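Please read the following points alongside the sequence and the structure.

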Amino acid sequence: KQWYQRRVRVSQSNQLTEYFTVLVNMELSVHSMEVMNELLGRVVLPPEYIHLYITKCITHCHHCQDRLLQHRFVRLVCVFLSSLIRHNTVDLKELFVEVQAFCINFSRIKEAAGLFRLLKQMDCESAS
């Protein structure tokens, strides 16, 4: 509850951009992804910040040396992106190729395959 109260105060002030910049630049963790997911559910953020965070998540997964940790983050990133897509929080047109390549690279992970199918479904719907 305390974090929520701070978030509301930040979102009501001009410090939101600074707050989000700090969040995007902090070390990626399960907690930081949860915070970002909550924030995106409550505050409309400029797309460039959302795209920067998504790119950071994808890069983190590619550079993670620990295989188990890498798979965990890939699953988390896929669930996070699927949630953003389903709630129309983000328009992935600018990141479509990057996210699709991420899914193909980690296609052996169930959540990445599911995200890939969601991307294909979006692509088919936008084409018709």
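1. A residue counts as buried under 20% relative accessible area, as exposed over 50%, and as partly exposed in between. Please keep in mind that the model is predicted.

2. L52 is located in helix α4. Its relative accessibility is 45%, so L52 counts as partly exposed.

3. With a relative accessible area of 10%, H51 is buried, because the cut-off for buried is under 20%.

4. Which residues does H51 touch, not counting residues up to four places away in sequence? They are V90, D91, E94 and L95. For D91 there is a further detail: its backbone oxygen is reached by the side chain of H51 at 3.3 Å.

5. Two packed helices are described by the angle between their axes and the distance between the axes. Helix α3 comprises residues 30-42, and its axis comes within 13 Å of the axis of α4, with a crossing at roughly 155°. Angles over 145 degrees count as roughly antiparallel, and α3 and α4 are therefore roughly antiparallel to each other. Their crossing is left-handed.

6. On the α3 side, the residues in contact are S32, M33, M36 and L40, and these meet I50, Y53 and C57 of α4. The residues of this contact comprise six nonpolar, one polar and no charged.

Key: Residues numbered from 1 in each chain as written. Predicted model: local features only at pLDDT ≥ 70, side-chain atom pairs only at ≥ 80, totals over all residues. Heavy atoms only, no water. Buried < 20%, exposed > 50% of the residue type's maximum accessible area, 1.4 Å probe, protein only. Polar contact = N/O pair within 3.5 Å; in protein donor to acceptor, adjacent residues only side chain to side chain. Contact = heavy atoms within 4.5 Å. Helix = DSSP H or I, 4+ residues; strand = E, 2+ residues; numbered from the N terminus. Axes fitted to C-alpha atoms, helices over the stretch in contact; angles between N-to-C directions. Parallel < 35°, antiparallel > 145°, perpendicular 65-115°, else oblique. Left-handed = near helix turned anticlockwise from the far one by under 90°. Nonpolar A, V, L, I, M, F, W, Y, C, P; charged D, E, K, R; others polar.
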